[in-house]
Amino acid sequence: MEKQENIWDIFYLFIVAFTIDFRVKFYYYKNMKQYNMYSLEEKTEKTILIIDNDAVNRAILRKTFSDLYTIREEPSGYLGIAEMLNNQQLFSAVLLDVEIPGMSGIEILRHMKQIGLVDSLPVFLITAEQQEHVVKEAYDLGVMDIIEKPVIPYLVRRRVQSVVELFETRKFLHEMVETQKVELMNQSNQILLLNQGMIEALATAIQFRDAESGGHVNRIFEITRFILENTDFGKDLSQTDINNIALASIMHDVGKIAIPDAVLTKPGKLTPEEFEIMKTHTTKGVGLLENIPQLQNNEFYEYACDIAWHHHERWDGKGYPEGLKGDEITPWSQVVALADVYDALSCKRVYKSAFSRKKVIEMIWAGQCGAFNPRLIDCFFSVEGEISKMYRNLEQEEESTAV
Ligand SMILES: [Fe+2]
Ligand SMILES: [Fe+2]
């Protein structure tokens, strides 16, 4: 009998415990729905910083926002600023009391403005009385809103929440634009590389036909760019111009595609008739470039046409095809012409062996390959020492091939 009573006692205790547990849970969920705008599952990871020396005020604000944000609190302006500087990306908003001993709310704002924090972080000023000059200065310094005490939780939550959302959206859009900018830059760099690859492939095909020493067009590219980047001759050109000119220089002899093999690869000196045919590689080069519509959208196209056309013109008017004189020849065609001559003299060709560096310098100074702009000659020889270094490996390669 006693045993049966014990069983009923245990059963009774179980029922009571279950009921209490159920009532606690019910009360908890009921209250959460009634008092909170957001359920616990909707709480974000956003953090707000409260700067206020008054512990009671901080507690009121903490209670108002703790279901929406992670809260950090600082009792002074100095600590608040240190906290913002140490965790610049962490905070979604700052709630700043005006009346703080030591550094006041307005002084904190001035300091935040100086270091650029108000542009990236919404600041709310909390004040008991709205003095006009304080309000004006606060707005001038970039404060987002001014909240009056006593704080009305529902209102202050809505005001802070909408500004935070606005900042988040603005930040998201800014990041999206930045990401798209980077993607576009990458795409345009890829197109540039593709273009350069196609141009180099075409120029290399011409080289093979011309039986020129390997890498001629690459060296013209490097020499042209080096002179324009490192001497006064390129001082009026932007880096983009220089890059385009260097790229265009690769195409200088593109017209040789249209020259018959008997003339192009003849080992000896050309007859006057053959030389006349050879000279047409300049005009034929322009004709060829004009027939590639895809090239015409490239920034280097105008340079490429001009260089293909005029890289055999000479300063004294004795060049071809037009016999242009002095500054009638564009600076870029002048540079490529000199680079072309320097490389042709420095390397072995079907019709000649490579000349020594000393001999090449003498021949250019003496105008044996035609006259060049004296200013260009000065600029070129101010960097020729550096340029000559790219021929060291070439000499070694040629020696090993000869062995
Ligand atoms: Fe040429
Ligand atoms: Fe050439």
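Reply: Helix 8 and helix 16 approach each other with their axes within 10 Å, crossing at roughly 125 degrees; axes are lines fitted to C-alpha atoms, for helices over the stretch in contact, and angles run from 0 to 180 degrees between N-to-C directions. The two helices are therefore oblique to each other (angles under 35 degrees count as roughly parallel, over 145 as roughly antiparallel, 65 to 115 as roughly perpendicular, the rest as oblique). Their crossing is right-handed, that is, the near helix is turned clockwise from the far one by less than a right angle, anticlockwise being left-handed. From helix 8, Ile-223, Phe-226, Ile-227 and Asn-230 take part, and they meet Cys-379, Phe-380, Val-383, Glu-386 and Ile-387 of helix 16; two residues are in contact if their C-beta atoms, placed from the backbone, lie within 7 Å. Sorted by class, this contact has seven nonpolar residues, one polar and one charged (Ala, Val, Leu, Ile, Met, Phe, Trp, Tyr, Cys and Pro are nonpolar; Asp, Glu, Lys and Arg charged; the others, Gly among them, polar).

The model is predicted, and local features need pLDDT of at least 70, side-chain atom pairs count only at pLDDT 80 or more, and totals for chains, interfaces and linings use all residues. Residues are numbered from 1 along each chain as its sequence is written, while chains are lettered from A and ligands numbered from 1 in the order in which they are written.

A second pair is formed by helix 13 and helix 14, whose axes lie 9 Å apart at an angle of about 55 degrees. This pair is therefore also oblique, and helix 13 passes helix 14 in a right-handed crossing. On the helix 13 side stand Tyr-303, Asp-306, Ile-307 and His-310, which meet Trp-332, Ser-333 and Val-336 in helix 14. Four of the residues in this contact are nonpolar, two are polar and one is charged.

Helix 13 is mostly covered, with seven of its ten residues buried; a residue is buried if 20 or more other C-beta atoms lie within 10 Å of its own, exposed if 12 or fewer, and partly exposed in between, with C-beta atoms placed from the backbone. The buried set comprises Tyr-303, Ala-304, Cys-305, Ile-307, Ala-308, Trp-309 and His-310. Their cover includes helix 9 and helix 12 as well as helix 14.

Helix 14 has a further partner in helix 15, the axes coming within 9 Å and crossing at roughly 140 degrees. The angle between helix 14 and helix 15 is therefore oblique, and the crossing is right-handed. Here Val-341, Tyr-342, Leu-345 and Ser-346 of helix 14 meet Val-360, Met-363 and Ile-364 of helix 15. That contact has six nonpolar residues, one polar and no charged.

Ala-304 touches Ala-248, Met-251 and Leu-289, not counting residues up to four places away in sequence.

Ala-138 belongs to helix 6 (residues 132–140) and is buried, with 24 other C-beta atoms within 10 Å. Beyond its neighbours within four places in sequence, Ala-138 is in contact with Ile-106, Leu-109, Leu-125, Val-143 and Ile-146. Leu-109 is 29 residues away along the chain, and its C-alpha atom is 7.4 Å from that of Ala-138.

Two loops contain cis peptide bonds. Lys-149 to Pro-150 is cis, with omega near -5 degrees, and Pro-150 is in the loop between strand 5 (145–148) and helix 7. Tyr-320 to Pro-321 is likewise cis, with omega near 10 degrees; Pro-321 is in the loop between helix 13 and helix 14.

Overall, the chain has 17 helices and five strands (DSSP runs numbered from the N terminus: H or I of at least four residues, E of at least two). Of its 403 residues, 28% count as buried. Among contacts with a separation of 6 or more, 65% join residues 24 or more positions apart.
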